[in-house]
Amino acid sequence: MQAWRVHRNGEPSEVMELEEADRPTPGDGQVLLKVRAANINFPDALLCRGQYQVRPPLPFTPGVEICGETEDGRRVLATPALPDGGFAEYVVADEAALLPAPDALDDAEAAALHIGYQTGWFGLHRRARLQAGETLLVHAAAGGVGSAAVQLGKAAGATVIGVVGGPEKAAIARELGCDLVIDRRSEDIVAAVKEATGGRGADVVYDPVGGDAYAKSVKCIAFEGRVIVVGFASGTIPTPGLNHALVKNYSVVGLHWGLYNTKDPAAVRACHDELTKLAAQGVIKPLISERVPMVDAARAVQRVADGSSTGRIVVLPSGGTR
């Protein structure tokens with residue numbers, strides 16, 4: 001089979017190599033899946049760089065989520081077992097963790113539903129307890145993780161403010177349903193949020209960026225607001241001033257969705273059921289900006305790493321258009 005392999009750490013476009021490889025062999029409790037679509041996530045870039053919290057042994061294949069097909073023809077969502085990730089024609093995955101692909105979504109859309117939307121749902125509902133009528137501020141609102149949070153925030157009845165970089169991404173954020181879009185390159189985030197909320201600030205902040213985004217967020221957070229720390233796409237990990245959190249009476253809430261797979265797998269399945277219902281109703285639909293063939297995967301991962309992509313880029317190993 002064909003698979004992208006990383007033999008040394010570095011930038012994805014430099015270290016990912018398309019090779020012939022043996023099909024992985026399922027272990028106890030695992031199944032072999034044919035990859036129908038593999039979604040690109042920012043952690044794939046971090047894996048290539050050797051900067052992710054999980055560091056598989058070299059060489060490895062990146063690709064942390066797929067829509068695959070079982071030997072009996074079922075479409076399923078899976079997180080492949082590293083070091084044999086999803087940018088390959090076949091993967092193995094834990095059978096107990098497989099989730100049915102929603103009928104309302106095609107392969108590419110289904111591949112993008114799992115991690116990003118589960119992260120959004122757990123962040124907004126389990127960790128921040130977002131309520132209808134509250135104001136949600138989403139950083140990188142036109143990106144893969146942010147676009148999911150925007151849709152889930154609207155589904156929850158929140159007023160959603162999206163922060164983006166540049167007019168192209170601003171247009172996409174508006175199409176996603178943001179009630180207000182702030183271009184961080186030309187507008188003052190803090191002033192715009194305060195103006196939009198009558199000085200109150202945002203009740204919940206969804207932050208997959210870190211760095212300056214976090215610093216701006218705590219300057220426009222509401223009384224009893226919640227900042228959800230999802231990741232650090234900026235490359236800068238903030239150092240929160242706890243005295244500031246005390247004085248302004250807000251919470252900084254961490255979210256590592258992967259822990260739920262081991263700590264509370266029943267909650268993951270319940271979340272998937274809810275996401276499947278929302279997809280069937282047309283309330284959520286992953287924003288797929290590009291569907292690329294296998295040969296273009298390394299360049300696509302690099303675009304995600306550079307922050308130049310919008311929505312989700314999905315790799316189609318078969319070269320199809322689904």
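**Reading helix packing and side-chain contacts**

Mentor: Let's start just after helix α2, where Gly 50 takes a positive phi of about 75°. Helices (H or I, at least four residues) and strands (E, at least two) are DSSP runs, numbered from the N terminus. This is a predicted model, with local features needing pLDDT of at least 70 and side-chain atom pairs pLDDT 80 or more, while totals for chains, interfaces and linings use all residues. Residues count from 1 along each chain as its sequence is written, and side-chain values use heavy atoms, leaving out hydrogens and water.

Trainee: Which residue follows α12, and what is its phi?

Mentor: That's Gly 307, with a positive phi near 75°.

Trainee: Back to α2, then. Which of its residues are buried?

Mentor: Buried means under 20% relative accessible area, exposed over 50%, and partly exposed in between (1.4 Å probe, protein chains only). In α2 (residues 42-49), Asp 44, Ala 45, Leu 46, Leu 47 and Cys 48 are buried. They pack against β1 (2-6), α1 (12-15), β2 (16-20), β3 (30-39) and α12 (297-306); contact here means heavy atoms within 4.5 Å.

Trainee: How do the axes of α2 and α12 cross?

Mentor: Two packed helices are described by the angle between their axes and the distance between the axes. Axes are lines fitted to C-alpha atoms, for helices over the stretch in contact, with angles from 0 to 180 degrees between N-to-C directions. The axes of α2 and α12 come within 8 Å and cross at roughly 100°. That makes α2 roughly perpendicular to α12 (under 35 degrees is roughly parallel, over 145 roughly antiparallel, 65 to 115 roughly perpendicular, the rest oblique). From α2, Phe 42, Asp 44, Ala 45 and Arg 49 meet Val 301, Val 304 and Ala 305 of α12.

Trainee: How many residues of α12 are buried?

Mentor: 7 of the 10, so α12 is largely enclosed by the rest of the structure. Val 301, Val 304 and Ala 305 are among those buried. The cover over the buried residues of α12 includes β14 (288-293) and β15 (312-316).

Trainee: Now α4 and α5: at what angle do they pack?

Mentor: Helix α4 (residues 114-127) and α5 pack at about 50°, with their axes 9 Å apart. That makes α4 oblique to α5. On the α4 side, the contact includes Gly 116, Trp 121 and Leu 124; on the α5 side, Ala 148, Ala 149 and Leu 152 are among the residues involved.

Trainee: Is Ala 149 buried or exposed?

Mentor: Buried, with a relative accessible area of 0%. Not counting residues up to four places away in sequence, Ala 149 touches Leu 124, Leu 136, Val 138 and Tyr 206.

Trainee: What about Arg 200: where is it found?

Mentor: In the loop between α7 (189-196) and β11 (202-207). Arg 200 is partly exposed, at 46% relative accessible area. Arg 200 and Phe 223 are 23 residues apart in sequence but 7.5 Å apart in space, C-alpha to C-alpha.

Trainee: And how many aromatic pairs are there?

Mentor: There are 2. Rings of Phe, Tyr and Trp (its six-membered ring) pair if their centres lie within 6.5 Å; planes under 30 degrees apart are stacked, over 60 edge-to-face, the rest tilted. Trp 121 and Phe 122 have ring centres 5.6 Å apart and planes at 80°, so they're edge-to-face.
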